[in-house]
Amino acid sequence: MDHQPEINTQRDVYQVDALSTNNNTLAVVDRLPHKKKPRKKKRKCMDYVRKTIPSIDWLFLNYRWTEDFAEDTMAGIAVAVLNIPQGMAYSILGNVEPTVGLYMAVFPVLVYSLLGTSRHISLGVLSVLCLMTGKVVTMYATDGAEAEPGTGYTAIQVATAVTMVAGLVQLLMYVFRLGLLCTVLSETLVSGFTAAVAIIVLTSQMKELTGLEVPRRTGMMQVPNSFYDFAHRFHTVNLMTTAVSVTTIAILLVYSKYLKEKINSKLCMPLPIELIVTIIATVFFQVTTIAKDYNMVQMGVIKSGLPPFEVPPVKLFSVVFMDACMIALVGYSITMSLALLVSEKLKYPLDTNQELLAQGLGNVVGSFFSCLPSGASPSRSASQQTVGGKTQMASIVSAGIIVVVLLWIGVVFEQLPRCVLSSIIVVALKGILLQVLDFPKIWRKSKTDGTVWIITYSTAIVLDIDTGLLVGVTVSLLIVFVKGVLNEVHVLGRLPDTDLYVRLDLYSDAAEVPDVKIVRYAGSLNVINRYMFKKKLIEVTRDDDDASMTMTVAVVDGKNAIGGRRTQCVVLDMAALQYADVSGVKVLSNSIESLVSDGFNVYLAALPDSSLEYIRCNINVKSVRFFPTIHDAVVFHQCSNKKIQDSTYDSQPIKTPNGL
C-alpha cells in the first residue's frame with residue numbers, strides 16, 4: 001500500500017448500552033432541559049389567503065415596477081412571438097382549430113400567473129399533451145357535428161371535456177397533498193416517453209408535410225400502420241406541399257445550427273425565426289395563387305375575437321376519465337420538472353402542491369374557453385428566462401399581446417399552408433427526436449434505467465402512447481420494488497494495520513480476522529426476502545471449505561465444552577439495513593439462535609438507530625451483544641476469547657493496550 005498520513009485514535013471498546021455510561025455523561029434525552037413544547041403560532045386567515053394566492057405578495061405588494069417591469073415586458077414579447085406559430089401549429093396535433101392554441105396562451109396563463117410559484121415557466125400548448133388530447137378527440141368526436149348540432153360531440157367539446165377532467169384531477173391531487181406524485185415519472189421514463197412521442201408526432205405530420213391522402217391513424221400500432229399507409233399511398237404525394245415543407249425545415253435548421261447564436265448575441269431578445277417564417281409564408285401565399293393552383297391545404301377560416309363561455313359536456317366526463325387522468329399526471333410531471341430545473345438554477349423555492357392548484361384551476365378555467373390541457377414549454381420557458389424575465393408579469397404581458405392577435409390579427413393567417421406549421425412542429429421536436437442518441441450513455445450508467453427507457457420508448461411507438469406510458473410506469477415501479485426486496489450478504493476482511501473492514505471479493509489486500517466471520521448485510525429484512533437472507537447467512541457462515549469455522553464439541557461432566565479450537569464468533573454488520581418488519585426480525589432471531597446453539601458468539605454491529613430498539617425487543621436470544629462499530633465487536637472478541645463473560649461485563653469498557 002502507498003504511504004498515507006496516519007490517524008491514531010485511542011479509546012475504550014464500547015457496547016451500545018454502555019456508550020453514555022462509560023463516558024460519564026447523560027443520555028441525550030437527559031441532557032436536554034425539560035421545556036414545554038412551544039405553541040405553534042396561529043395562522044391568520046390572511047396568511048392562508050396569501051399562501052393560496054402568491055400574486056398578492058409578488059404583484060400587489062412587492063412588485064418593483066421601476067426595476068423589473070421593463071425586463072418582464074421584453075420577456076413577455078419574446079414569449080408571445082413564440083406562442084403565435086407554436087399555438088397554431090400544435091393545435092393541429094389536437095385535431096382542433098388553430099386559434100385554440102392561441103386561447104391556451106391566454107386563459108390558463110393568466111390563472112397560473114396569479115396562483116403559480118414558478119416565475120419563469122411559460123404555460124400553454126405542449127406537444128405531448130396536444131397529441132394525447134388529439135387521440136381522444138379522434139376517438140369520440142363526430143364528423144359533421146358542428147354543422148348539425150345534436151348529432152354527436154364536436155372536436156372542441158371532446159377536447160374541453162378532457163381539459164375539465166384533467167383540471168379536476170389535478171385539483172383533487174392538490175386537496176390530498178399529492179404534489180410529490182410526479183416522482184412516479186422518473187427522468188429516465190420521461191425521456192423515453194417524450195422521445196417516443198416525438199416519433200409519433202413526426203409520423204402524424206407526414207400527411208401535412210407531403211400532402212398525402214391517407215386516413216389519420218390512432219390507437220394500437222399507430223406508427224407502423226402510418227408508415228404502411230405512407231408507403232402504400234406514396235404516389236399521391238403533393239410535390240409543391242413537399243417542396244414548401246422541405247424549404248421551411250431547411251431554413252429553420254440552417255438558422256438554428258449556423259446563425260442563431262451569432263444573431264441572438266447581438267440582439268436584446270432572441271430572433272423569432274418561427275414567426276418570421278410564418279409571416280413571410282403568409283404574405284407569399286396571399287399575393288400568389290400557388291396554394292390554390294397546386295391544391296395545398298390551407299389554414300382556412302380563422303375566427304377573430306375571444307372564445308365564448310361554454311360549459312364542457314358533462315356526459316363525456318366518465319368516457320374520457322382515464323385518458324384525462326394520464327394527461328393530468330403527464331402534464332403536471334413535465335411542467336414540474338421544468339419548473340424545478342429553473343428554480344434550482346435561479347435559487348428560489350417552489351411549492352409542489354400549490355403548483356397543482358395553479359395548473360388544475362388553469363385547466364378548469366380554460367375548459368370553459370375552448371382550451372386543451374396546458375403544460376409548460378421548454379422553448380418558451382427558456383426564452384422567458386434568458387431574455388431577463390423576473391416574474392410572472394412576463395406571462396401576463398404575453399397573454400395581453402395574444403389577445404390583441406386574436407382580436408385583430410389572427411385572420412391574416414387564413415392563406416397560410418398547414419405544411420408550414422407542420423414544419424415548425426418537426427423542427428421544434430429536433431432535440432427530443434435526438435434523445436434516442438442518449439440511450440447508449442444511459443445504458444452504460446445504469447442497466448435498470450436503460451431498461452425502463454427502451455421499454456417505454458418501444459412500447460409507446462409500437463403499441464400506443466397510453467400503453468407505452470402505462471408499461472413504463474409499471475416497469476419502473478416493479479424495478480423499484482425488486483430492488484427493495486433484493487438483499488446482499490458479503491464476507492468482510494480487515495485491511496492490514498487498519499480498523500477498516502471491506503469486502504473480500506473487492507479488496508485483495510483484505511484478510512479475514514482469525515476466528516471471526518464478519519458478514520455485511522445490505523437491504524431490507526421483511527416478509528418477502530427473509531428466507532433469502534437466512535439462506536445466504538447459512539452459506540457464508542457454514543462454508544465447508546472454510547477450515548477456520550470447524551469446531552469440535554466434547555462432553556465434559558454432562559456439559560458442552562468446546563475442544564480443539566477456540567470459540568468462533570460471527571459479527572453481523574447491519575449498517576446498511578434499510579428496514580425490518582416482524583417476520584424479518586423473527587427469522588433473524590431464529591438464525592442467531594441457530595448459530596449460538598452451534599457454539600458461535602454472535603455480535604450485531606452498527607445497527608441504524610431507527611431499527612436498533614425494535615430488533616433488540618424482538619430478538620429472543622439473550623446472549624447477543626450490540627456494538628456501535630465492527631471494530632468494537634472484533635476487539636471485544638479478541639480480548640475476551642479465553643474467558644467466560646459474566647452478566648456485569650457489558651457495562652465495563654475493555655481497555656486495549658494499543659488503542660483502536
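This is a predicted model: local features need pLDDT of at least 70, side-chain atom pairs count only at pLDDT 80 or more; totals for chains, interfaces and linings use all residues.

Trainee: Which residues is Phe193 in contact with, leaving aside neighbours within four places in sequence?

Mentor: Val128, Met132, Val330, Thr456, Ile465 and Leu469.

Trainee: And how do I read a nonpolar core?

Mentor: In soluble globular proteins, nonpolar side chains tend to be buried together. A core here is a set of buried Ala, Val, Leu, Ile, Met, Phe, Trp, Tyr and Cys residues joined through side-chain atoms within 4.5 Å; buried means under 20% relative accessible area (1.4 Å probe, protein chains only). The largest one has 116 residues, and Phe193, Val330, Ile402 and Leu421 touch the most other members. Helix H9 (residues 155-175) gives the most to this core, 12 residues. Another core, of 28 residues, lies apart from it and includes Val489 and Ile615.

Trainee: What is the strand order in the open sheet of six strands?

Mentor: Helices (H or I, at least four residues) and strands (E, at least two) are DSSP runs, numbered from the N terminus, and two strands pair if DSSP finds at least two bridges between them. The order is S4-S3-S5-S8-S9-S10, with mixed pairing. S4 (501-503) and S10 (625-627) are the edge strands, each pairing on one side only. S3 (residues 488-494) and S5 (residues 516-525) run antiparallel, joined by five bridges, and His490 stands opposite Arg520 in S5.

How values were computed: Residues are numbered from 1 along each chain as its sequence is written. Side-chain values use heavy atoms; hydrogens and water are left out. Buried means under 20% relative accessible area, exposed over 50%, partly exposed in between (1.4 Å probe, protein chains only). Contact means heavy atoms within 4.5 Å.
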